[in-house]
Amino acid sequence: MSERTLVLIKPDAVRRALVGQVLHRFERKGLAIAAMDLRTIDGALADRHYAEHVEKEWYPPLRAFITSGPLVALVLEGDQAISVVRALTGATDGRAAAPGTIRGDWSLSNRENLVHASDSPESAAREISIFFPSLEGSSTP
Ligand code: CDP
Ligand code: MG
């Protein structure tokens, strides 16, 4: 079943000039880019996107990081795109993420881990509507 998922290529990846290589992995897998935009988000948008984390003790530094410079927001589309993109992305902590994943190959941090990817159909629909309100969301369960 074709799904859509929200991906953020985070400010660390933009600063490190890894946008092309990250995109290449998704494209090479067979996923299609349904929308894409380079933008710098403000704290209010970060709070909406990371609503489930705003009360965590590590949220203030995450908020500072995600608003620290431009990121690339995109919607990827394809068969089981949500779980496929999470698998390509790897575990949250780049130090523990498996080699061969984006985080496993290029991140040495639990925060600056290069990419965000929606973790469920509900998250994908919610996050796509935040970043691309004019785009039809991921298939709702
Ligand atoms: O991104 P993912 O769904 O894998 O992880 P999360 O647990 O939902 O956390 C969201 C983001 O918060 C992570 O991708 C990290 O960038 C950041 N984070 C952090 O700054 N410090 C932590 N202790 C855990 C996560
Ligand atoms: Mg998450």
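Let me start with helix 5, residues 81–89, which in this predicted model lies across strand 1 (2–9), strand 3 and strand 4, and runs at about 35° to strand 1.

Those strands belong to an open sheet of 4 strands, which are arranged in the order 2-3-1-4 with antiparallel pairing. Strand 2, at 32–39, and strand 4, at 115–117, each have a single partner strand and stand at the edges, so one side of each is left without a neighbour in the sheet. From one strand to the next, the twist averages 20°. If we look at how strand 2 meets strand 3, residues 71–79, we find 7 bridges joining the antiparallel pair, and within strand 3 it is Ala-73 that stands opposite Asp-37.

Phe-26, if we leave aside its neighbours within four places in sequence, is in contact with Val-7, Leu-31, Leu-76, Val-85, Leu-88, Thr-89 and Ile-102.

Phe-131 brings me to helix 7, residues 121–131, where Phe-131 is buried along with Ser-123, Ala-124, Ala-125, Glu-127, Ile-128 and Ile-130. What, then, covers the buried residues of helix 7? The cover includes strands 1, 2, 3 and 4, together with helix 3 (43–49) and helix 5, the helix with which I began.

Note on methods
Residues numbered from 1 in each chain as written. Chains lettered and ligands numbered in written order. Predicted model: local features only at pLDDT ≥ 70, side-chain atom pairs only at ≥ 80, totals over all residues. Heavy atoms only, no water. Pairing = 2+ DSSP bridges. Helix = DSSP H or I, 4+ residues; strand = E, 2+ residues; numbered from the N terminus. Axes fitted to C-alpha atoms, helices over the stretch in contact; angles between N-to-C directions. Contact = heavy atoms within 4.5 Å. Buried < 20%, exposed > 50% of the residue type's maximum accessible area, 1.4 Å probe, protein only.
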